[in-house]
There are 2 protein chains.
Amino acid sequence: MAELYVVGIGPGNAENLTGAARAALEKASLLCGYTVYADLLRPMYPEKEYYTTGMTGEIERCRRCLERAAAGETVALVCSGDAGVYGMAGPVLALKPEYPGVSVTVIPGVTAALSGGALLGAPLGHDFCVISLSDRLTDWALIEKRLRLAAQGDFAICLYNPASRHRQDYLQRACDILLTEKGGDTVCGLVRQVGREGESWQILDLKTLRDTRADMFTTVFIGSSQTLEIGGRMVTPRGYRV
Amino acid sequence: MAELYVVGIGPGNAENLTGAARAALEKASLLCGYTVYADLLRPMYPEKEYYTTGMTGEIERCRRCLERAAAGETVALVCSGDAGVYGMAGPVLALKPEYPGVSVTVIPGVTAALSGGALLGAPLGHDFCVISLSDRLTDWALIEKRLRLAAQGDFAICLYNPASRHRQDYLQRACDILLTEKGGDTVCGLVRQVGREGESWQILDLKTLRDTRADMFTTVFIGSSQTLEIGGRMVTPRGYRV
């Protein structure tokens with residue numbers, strides 16, 4: 001049976017791989033992925049064949065994986081974080097009907113909302129929204145609308161892709177929208193390079209976050225009105241009486 | 001150093017444990033948790049001491065862990081799914097200032113939104129909200145408000161705790177709110193007992209979901225307007241042209 005595993009590898013360090021992810025990577029003869037993430041695996045699996053593409057080669061990468069699996073190989077397509085959350089499981093499953101002989105298994109992984117959240121404390125301890133600020137595939141108007149509604153619902157919010165070279169002011173624009181609904185002293189957190197060299201995190205308020213520079217390896221957390229800084233950690237309580 | 005690990009163990013099967021979770025469980029001499037989840041670990045770690053409490057014993061459990069850690073033991077407090085998402089990392093960090101000698105490390109895990117999502121396909125492939133329907137600690141009015149705003153924002157939605165013995169009609173009530181904003185043919189999914197005996201999943205539309213019975217081991221997924229059923233899987237596209 002031709003097998004394609006779409007594997008969430010977590011933030012990229014060996015410790016955050018699940019057993020199921022590890023088993024799929026071991027079974028596969030070909031590992032595919034975005035160059036940066038595939039490179040995280042090379043030291044662990046130096047003997048495998050690799051096929052990597054850059055940032056905009058997602059669909060080409062998915063097709064290549066399906067083709068190689070259809071030809072009888074066991075293939076793993078790796079995604080940072082989870083396989084489904086802004087990951088490749090979606091496009092692979094959308095293309096799969098063209099490759100009826102291929103069996104696709106999605107292996108979940110620790111997405112940045114969770115790995116980054118654990119460093120900060122428990123910022124997503126109650127209802128939350130995950131929103132990507134990238135407008136490469138989504139209209140900015142829809143992103144703005146979601147930010148506003150998430151703030152009105154007093155959700156904790158986790159922002160993916162808060163900035164890139166071409167979108168340096170997007171986090172500031174997002175904060176300006178949130179500030180129309182939320183206080184400037186809302187507890188926020190910022191995590192960089194989770195599980196990788198240069199890992200760092202900080203807790204700051206929303207008005208300070210507005211003027212902070214993020215990059216594509218940053219994940220941002222915006223508290224609800226209930227979120228607290230306790231002992232240097234960011235905590236969104238669920239409501240237990242402690 | 002007195003160490004307390006708050007460990008997300010994923011859905012409960014060994015395959016979805018991360019390496020970091022496994023390492024923390026191995027280091028600990030005492031494993032604490034809600035009875036059902038701790039029991040999932042006993043076959044893997046039969047030699048450990050266990051301290052378990054029932055459904056409403058959360059704070060007692062957190063205090064006991066902090067006390068035992070303060071006394072010099074290495075303790076692991078296990079949470080199903082992730083340690084932070086509706087988990088024990090929040091209350092532990094809220095209590096921690098009373099136990100200044102204890103070091104708390106939060107170990108993230110694969111929460112049900114991800115493990116259930118992987119079974120269904122990629123229901124959370126674009127911006128999403130996670131909402132718990134339990135009103136044990138949250139006003140139902142706030143839950144309703146969040147459901148309505150999440151629907152207005154056309155987020156994909158993942159519902160935790162959709163029902164329990166005392167809240168048999170909550171999923172129906174939630175669907176009725178969503179149906180005021182979304183079409184009855186919205187693609188939805190339902191996952192039961194992920195990674196455990198009796199694991200099952202199904203894809204159904206929102207009007208059918210409304211009349212479907214859930215229990216406390218069910219996780220529910222509501223698609224956005226873009227969500228599709230493709231080849232028997234649930235996919236919320238990010239917008240790639242495939």
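**Figure 1. A close-up of Lys207(A) and its charged partner.** Lys207(A) pairs up with Asp205(A) in a salt bridge, and their closest N and O atoms sit 2.7 Å apart. This is a predicted model, so read each distance below as a computed value. Why does Lys207(A) count as partly exposed? Its relative accessibility is 46%, and partly exposed covers the range between the under 20% of buried residues and the over 50% of exposed ones. Zoom out to the whole structure and the search turns up 20 salt bridges over all chains.

Figure 2. Glu73(B) and Arg68(B) bring their side chains together in a salt bridge, with 2.5 Å from N to O. Glu73(B) has a relative accessible area of 23%, so it lands in the partly exposed class. The other pair here is Arg210(B) with Asp211(B), where 2.6 Å lies between the closest N and O atoms. Buried, partly exposed or exposed: where do these two partners fall? Arg210(B) is partly exposed at 24% relative accessibility, while Asp211(B) is exposed, with 55% relative accessible area. Over in chain A, Glu49(A), Arg68(A) and Glu73(A) are joined into one network by salt bridges that share partners.

Figure 3. Look for Asp154(B) in the loop that runs between α6 (140-152) and β8 (156-160) of chain B. Side chains of opposite charge can pair when their charged atoms come close.

Figure 4. How many of the 9 residues of α5 (residues 112-120) of chain A are buried? The count is 9 of the 9, so the helix is largely enclosed by the rest of the structure. The buried set includes Ala112(A), Leu114(A), Ser115(A), Gly117(A) and Leu120(A). Just past the end of α5(A) comes Gly121(A), with a positive phi of about 140 degrees.

**Figure 5. Where the two domains of chain A meet.** Domain 1 of chain A puts 12 residues into the contact, and domain 2 of chain A puts in 11. About 860 Å² is buried between these domains, with carbon and sulfur atoms giving 60% of that area. On the domain 1 side, Pro11(A), Met55(A) and Tyr86(A) supply 51% of the area buried against domain 2, more than any other three residues. The rule finds 1 salt bridge across this interface, and 4 residue pairs are in polar contact. Helix α2 (residues 35-41) of chain A makes the largest contribution to the side of domain 1 that touches domain 2, with 3 residues.

**Figure 6. The interface of chain A and chain B.** On each side, 61 residues of chain A and 61 residues of chain B are in contact. The area buried between the chains is about 5400 Å², and 65% of it comes from carbon and sulfur atoms. Which three residues supply more than any other three of the area that chain A buries against chain B? They are Arg146(A), Arg238(A) and Tyr240(A), with 13%. There are 27 residue pairs in polar contact between the chains. The rule also finds 2 salt bridges across the interface. Arg146(B) and Asp127(A) meet in a salt bridge through their side chains, at 2.9 Å from N to O. Helix α4 (residues 89-95) of chain A gives the most to the side of chain A that touches chain B, with 6 residues.

**Figure 7. Pro237(A), beyond strand β13.** Pro237(A) lies in the segment after β13 (233-235) of chain A. Its relative accessible area is 32%, so Pro237(A) is partly exposed. Not counting residues up to four places away in sequence, Pro237(A) touches His126(A), Gln226(A) and Thr227(A). Arg42(A) is 195 residues away along the chain, and 40 Å separate the C-alpha atoms of Arg42(A) and Pro237(A).

Methods: Residues numbered from 1 in each chain as written. Chains lettered and ligands numbered in written order. Predicted model: local features only at pLDDT ≥ 70, side-chain atom pairs only at ≥ 80, totals over all residues. Heavy atoms only, no water. Buried < 20%, exposed > 50% of the residue type's maximum accessible area, 1.4 Å probe, protein only. Helix = DSSP H or I, 4+ residues; strand = E, 2+ residues; numbered from the N terminus. Contact = heavy atoms within 4.5 Å. Buried area = accessible area lost by both parts, 1.4 Å probe. Salt bridge = Lys/Arg side-chain N within 4 Å of Asp/Glu carboxyl O. Polar contact = N/O pair within 3.5 Å; in protein donor to acceptor, adjacent residues only side chain to side chain.
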